[in-house]
Amino acid sequence: MRLATPSGFATEVFLLEGPDRELLPEGAWTLVGDLRLREAWVGAGMPEPDHALWVAVPEEEKKLRTVIPWLEHWASVPLHRDATVVALGGGVLTDLAGLAASLYLRGVAWQVWPTTLLAMADAALGGKTGADLSAGKNLVGAFHSPRRLVACTDLLASLPERHLDNGRWELIKTALILGEMAWALEMLQEGPVKIAWVERALAFKAGVVHRDPREAGERRLLNLGHTLGHALEAASGYRLLHGEAVGLGLLGSCLLAEEQGLKPFPPGFLEPLARRLVPLIPLIAPWPDCLPLLARDKKATHAAGTEIQCILPRSGEPAVQRALPPQAWESPHARLLSLLHQETVRA
Ligand SMILES: NC(=O)c1ccc[n+]([C@@H]2O[C@H](COP(=O)([O-])OP(=O)(O)OC[C@H]3O[C@@H](n4cnc5c(N)ncnc54)[C@H](O)[C@@H]3O)[C@@H](O)[C@H]2O)c1
């Protein structure tokens with residue numbers, strides 16, 4: 001099924017069960033694929049182009065040094081400027097392959113075939129590509145939209161449970177940005193992820209990134225949960241997965257919003273949200289470890305980093321943006337921990 005996207009949107013978006021070779025590029029193409037997916041790809045009757053690269057890239061290797069051998073490989077083939085790169089994998093691989101496609105010959109076309117729930121629901125759409133620097137995540141990158149996004153849900157069959165839960169947080173984030181409490185609550189329950197949720201999240205994100213491709217305004221809303229989330233993720237030494245950190249960041253944002261005088265969230269929402277996060281308690285860094293990371297947030301608005309752009313959700317209403325000092329997160333961080341401990345006692 002091809003999803004409806006705004007007119008003139010840079011990426012055609014497909015949500016399918018199994019992979020379809022008809023959606024591969026028509027002309028010359030090559031592949032950078034996650035080695036874990038090779039069997040499933042070939043097993044589904046999908047072709048392996050000459051000079052395909054099958055790689056295993058852990059989050060710690062989301063670095064510029066990882067893409068240099070890919071670029072050298074393409075130049076030695078050689079891959080010409082009319083060729084298309086197909087990226088098959090999770091967000092780490094697709095962010096890097098998109099970055100490599102943006103760099104090679106100053107930019108060749110690419111397609112993204114996301115294989116994790118997180119990449120399907122979020123990372124693969126919107127044209128942000130990138131790599132990490134020692135100072136922080138995604139500090140280098142380019143906006144380079146893929147021509148086509150093909151999400152094949154059958155490929156999720158091999159994805160470990162923890163990564164399915166991880167991707168679910170980006171879906172819950174979408175519901176909270178919209179203020180759609182019933183949808184958010186539905187996703188907080190146990191039970192399998194529904195394809196309709198992914199479809200809805202993709203359609204929402206396509207609209208936002210189309211209106212604000214360079215994150216000058218509205219697109220910042222997609223960072224809901226990411227300010228505290230990124231700090232917790234880094235402070236855990238990346239033992240927290242990205243989506244898990246976003247989940248903690250979402251709860252923190254609900255508490256911060258309330259402290260900022262916005263409409264409070266009812267216990268009937270905060271409790272199930274906290275319950276889902278309880279297993280992450282051992283990975284939550286203490287406040288003093290988070291503060292310096294918040295202060296150097298990529299989205300800091302002022303030169304001295306005195307204020308950071310925070311996205312605040314509201315129960316039943318769309319989220320809003322507010323510039324706040326990093327210290328504003330201290331109390332939500334403490335309350336978040338205490339809510340999670342309360343849920344442990346209840347369980
Ligand atoms: N570009 C963006 O807008 C954007 C948005 C959100 C997140 N991201 C980035 O996404 C990255 C996280 O992506 P992720 O959560 O997909 O993690 P990931 O890419 O590390 O994949 C998770 C693990 O699952 C494996 N895997 C992938 N697909 C599989 C499958 N179908 N079956 C079995 N195993 C599979 C991978 O090999 C890896 O070990 C982060 O680096 C984050 O910065 C980017």
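This is a predicted model: local features need pLDDT of at least 70, side-chain atom pairs count only at pLDDT 80 or more; totals for chains, interfaces and linings use all residues.
Residues are numbered from 1 along each chain as its sequence is written, and side-chain values use heavy atoms, with hydrogens and water left out.

Let's start with the layout. The chain is assigned domain 1 (12-158) and domain 2 (162-346), with bounds that come from an automatic or database domain assignment. Their centres, taken over C-alpha atoms, are 27 Å apart. Across the interface, 17 residues of domain 1 are in contact with 26 residues of domain 2, contact being heavy atoms within 4.5 Å. About 2,100 Å² is buried between the two domains, and carbon and sulfur atoms give 69% of it; buried area here is the accessible area (1.4 Å probe) that two parts lose on being put together, summed over both. On the domain 1 side, Leu-117, Leu-118 and Leu-125 lose the most area to domain 2, together 28% of what that side buries.

So where does the ligand sit? Both domains give residues to the shell around the ligand, so it lies between them. That shell holds 24 residues, the closest being Asp-34, Arg-36, Glu-59, Thr-116 and Ser-158; a residue belongs if one of its heavy atoms lies within 4 Å of the ligand. By type, the shell has six nonpolar, nine polar and nine charged residues, with Ala, Val, Leu, Ile, Met, Phe, Trp, Tyr, Cys and Pro as nonpolar, Asp, Glu, Lys and Arg as charged, and the others, Gly among them, as polar.

A backbone N or O atom of Leu-155 is 2.8 Å from a ligand nitrogen. For Asn-138, a polar side-chain atom lies 3.2 Å from a ligand oxygen. A backbone N or O atom of Ala-123 sits 3.3 Å from a ligand nitrogen.

Finally, the backbone. Most residues other than glycine have a negative phi, and most peptide bonds are trans. Here, though, the Val-77 to Pro-78 peptide bond is cis, with omega near -10°. And Arg-106 has a positive phi, near 60°.

Note on methods: A polar contact is a pair of N or O atoms within 3.5 Å; within protein, one must be able to donate a hydrogen and the other to accept it, and residues adjacent in sequence count only if both atoms are side-chain atoms.
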